[in-house]
Amino acid sequence: MSSNELPLSGLRVIDMADVKGELAGRLLADFGADVIRVEPPGGAESRGMPPFTPDGESSLYFAFRNFNKRGITVDVTAAEGQAQLRELLAGADVWIESSKPGTLAPYGLDPREVSAELEHLLVLSVTDFGQEGPYAQFEATDEVIQAMSGHLAASGIPEKPPLLIPGAFAYDAAGVVGALAVLIGLVAKQRTGRGQHLDFSVLEAAIQLNTWQLANMQPTLDAGIDPPIVRSGTTVVYPLFETADGFITMVILSPRQWFAMWEWLGEPEAFADEMWGQTLTRLMNGDVLNPVIAEHFAPMLMEEAAAEAQRRGVVVTPMLKPSDILANEHYVSRSTFVPVEVASGVDAATASGFMEINRQRQGFRSGPPAVGEHNAEVAEEAAAAEARGPVPAAGELAQPLAGLRVLDFGHGGVGVEGGRMLAEYGADVIKIETRTYPDFMRLVTGTEMTPSFASSSRTKRSFGVNSKIPEGLAVLKELVKTADIVIENNSTGTMDAMGVGYETLKELNPGVCMASSQLMGSTGAYADWIGYGPTIQTVGGIKYLWNFTDGDPPPGSNAIHPDHLAGRLCALGALVGLLSRERRGEGAHAEISQAEALVNTLGDLFMAESLSPGSVQPVGNDSDQGAPWGVFQCDGDQQWSVVCVRDDADWEALKQAMGSPAWADHPAYGIAEGRKGAREAVNAGVAQWTAGLSPQEVQEACQAVGVPGSAMLTALDHMTNPQLSDRGFPVEVFQPGAGNLVLEGPCFYGSEMPTPPVHAAPLLGEHTRHICIEELGMDPAEVERHVEMGALEVPLPED
C-alpha cells in the first residue's frame, strides 16, 4: 500500500489543538489525512513543552505529536488572520481546536457558531472540562486532570504521596479518543452529508480509562463497605519480584498457570494441595507463597526469567528501562522504533506508530513542521480550492453508528472496551462468548455478572456459541456474513484456531473490518507472550518510570492501563477500515500491539533517551514544566491536591492566593528558572500552605486566581461532582445480576447526535435465540437442538 493508498487519503484537517489533544491530528495524519497544523505567529505553546533536544532548542513533546503534519501560522487576533482561517475551514473536512470555551468568540470564530455556518465541517473542540458547567473556565494541566479523574488516588502506596503517571497521560488519551470522535463524526457524515460540532471533555475521557472505579462504587456502598480512599500500590494480583538485574511482574490467575508455576518451582509438597489452584487461596496466602517464588526468581536475569516463564505458560514480564526497550529483541524485530530527524540535523529513535493496517505501519512519514514552514503552499492551495457545495438539510437526530453490526470477541479490558465505544454511539454490538472459555471479567466475583463487566459490555447483545463444535462454528460463520466490524484481543493465533481468523472472515465477508489487539503484537520475537494490563506496564517502560527518585521499587497502582486505551485504539482502527472501505470496496485488518500502544504514548521520552542515553529516569511528582509543581498534602488523612505553576504570571497569582507569604518574595523566585533551581524550597512553602486547607479549598483558591490547581478526587467524589453532574456524566443503570450501578457516561457529545444510550449489559447468551431465529432465519427447532448439544448457549435457568 503506497502513501496515496493510506486509508484517510483525501481528508483535510485543520489542526489547532495545542498541548492537549495534539495526538488526535497526528493519528489522523498517520492514516493519510492532510493535516495542517495552525500556530500563532510566535509558534504553538507546545513548542515550549519538555523534553527537549540536547541543545534545548526543539521540543520533543511537540515533535512527536506533530509528525506527518504541514505547518502554517495564522494570527486569529487580526482581521486578515480571521479571514485566512475561515478560508481554510471552508475548504476543509475537519477542524480540531482546544481553546477554552469563549476564547475565539471575540474574533468571530466561536467553534459552535462556525459549525452552524459551515455545515459541511466537522468540528472537534477538545477542552479540559467540556463547553459548559461550573468548571468550564477552570485552568488545568495534565496533572490536574489526573488528580480530578481518580487516577492519582489509585497510584502509589499510603506511606508515600500519590504518584503522578509519567508522560502526558490525560492529554494523549484525549488525543486517541479525540481521533475516534472525529471518525465517528465522519461515519455520520457519510450518511447525512453534514458536519457537526463535537464537545469533548478531557476529564471525562480520563475517567473512562480509570479501571471501572465508578462502576464498582455503588455495590461497595450498598454492601455497607467504606470505599477505599488510599492507594494500594502493586496489588497482590500483580506482584513485583526482584531478580539479579531488575524486577519482573508475575500474574497467575488460572489453575493451568498455577500448576505450570508449581512444576517450575520443583513441585514443592507444601503447595501440592489442589486448593492452591484457586486464585483466592493464593491471594489470601501470599505471605506464605510469595517468599518461595521470590527465592526462585532471585538468581535469574529478568528477561531470561520472563522468556522461560512465558514458554511454560506463566504470565511474567520484565521491568524494562527505556534504554532496555530501545535495544530489546522484540521491539527490534517489529521495527517499533525508526530513526527520524526530529529537528534540523538531530536524528532520534522514534516510535514508529500506534498500529498496522493490512500489515502496513500507520506512522511516521515526515518530521514536525517548522513554524510557518508551509505558509506559501497552503495559501496557494486555498486560493485555488473550489467552494464546497451545499449540504443536505438537517434531519431527525440519529445515532452516528446506527446500522453497523459489530461482533465483539473481546476478553478482559481491551476488546470489550473497543466494542463498548462503538455501542455507545449506536452500533449493534454483539458480544460473542461461550461458557467453555468465558470472559474472565464476568466471573471474578463468582457469578456471570460483575460491575466491571457491566461497564464494558453495556448496551451490547450477547450471542452464546461454542465454535469448537462444528454446528456452532457454522452458525458463527453465518453471523460473520452480516457483520461490518469484528474486534478481538485473544492470544496470538486464537482466532485462527477458532476457525474465524482474518483470512477466513475475509472469504466469508469481503467487506468486514477487523481490529485485533495482542499483548506484544501478532508478530515479533515475543508474539506468543500472554499477559494483562499491569504486565504491559513493565515491558512497555512505564512501570520503571512510574516511581519516585528514592531508589525504592516502583510503588505501583491498581490501574490496568493501557487496556482501556488499547480498546479505544481498536475502535479507532476498526472505523479507519470502515471509512477506507467506502473508497476501496473492501475491508481491512487493523492490528494493535498493546505494548506498542504504551510505548507510543511515551514517544517523546524514548526520543530523549535515544539522544541522551540514561537521561530518562523516574522524576516522582516533579516536572520540568515549572515550579512549584506536583502533589501537596492537605488537612486530614490522605487528603491531597495538585498545584501547577506554568509561568511567572501563575506564580504571582499563586502568591496572592496564598496570602503573599514573606518566603515567596525571595528574589530568585520571581522567574521560572529561579523557582526550578529552588524547587525543593518552593514546594515546601506551598506544602505549608496546603497543609492547613482541605483539597477543595486549595482548588477553589487556585482557580479563583487562574492557577491550575485541583483536589484529588475518587470515584466516590465523581458520583456527586458538580461538573460531572451538570454534564450528566454519572449514569444510573439497573443491572440484572449486579443491582443498581453508576456508570461513566459519554465523554463527547455531537450537535447532531442524540444523547448516547446506556443500557444494562446482557446475560451470557441472552440474545442467542432471537438472533438465530429472527436475524439468521434458523428454524426454532434447529436452534433448540444446537442448544441441547452445546453448540449454542443461552442464559442459565434462574435458581
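Biologist: What is the strand order in the open sheet?
Modeller: The order is β13-β12-β19-β18-β17-β14-β15-β16-β26, nine strands with mixed pairing. Strands are DSSP runs of E of at least two residues, helices are runs of H or I of at least four, and both are numbered from the N terminus. Two strands pair if DSSP finds at least two bridges between them. This is a predicted model, where local features need pLDDT of at least 70, side-chain atom pairs count only at pLDDT 80 or more, and totals for chains, interfaces and linings use all residues. Residues are numbered from 1 along each chain as its sequence is written, and side-chain values use heavy atoms, with hydrogens and water left out.

Biologist: Which strands stand at the edges?
Modeller: β13 (360-363) and β26 (792-793) do; each has a single partner strand, so one side of each is left without a neighbour in the sheet.

Biologist: And how do β12 and β19 pair, parallel or antiparallel?
Modeller: Antiparallel, over two bridges, with β12 at residues 353-357 and β19 at residues 589-593. Ile 357 stands opposite Ala 590 in β19.

Biologist: What does helix α24 touch on the sheet?
Modeller: Helix α24 (residues 563-584) touches β12, β17 (485-488), β18 (513-518) and β19. Contact means heavy atoms within 4.5 Å. The direction of α24 makes about 155 degrees with that of β18; axes are lines fitted to C-alpha atoms, for helices over the stretch in contact, and angles run from 0 to 180 degrees between N-to-C directions.

Biologist: New topic. How many aromatic pairs are there?
Modeller: The structure holds 17. Rings of Phe, Tyr and Trp (its six-membered ring) pair if their centres lie within 6.5 Å; planes under 30 degrees apart count as stacked, over 60 as edge-to-face and the rest as tilted.

Biologist: Why is the pair of Phe 129 and Tyr 135 edge-to-face?
Modeller: Because their planes are at 85 degrees; the ring centres are 5.9 Å apart.

Biologist: Is Phe 129 buried or exposed?
Modeller: Phe 129 is buried, with a relative accessible area of 2%. Buried means under 20% relative accessible area, exposed over 50%, partly exposed in between (1.4 Å probe, protein chains only). Tyr 135 is buried too, at 5%.

Biologist: Last one: where does Phe 169 lie?
Modeller: Phe 169 lies in helix α6 (residues 169-192) and is buried at 7% relative accessible area. Leaving aside neighbours within four places in sequence, Phe 169 is in contact with Asp 142, Gln 146, His 151, Leu 209 and His 561.
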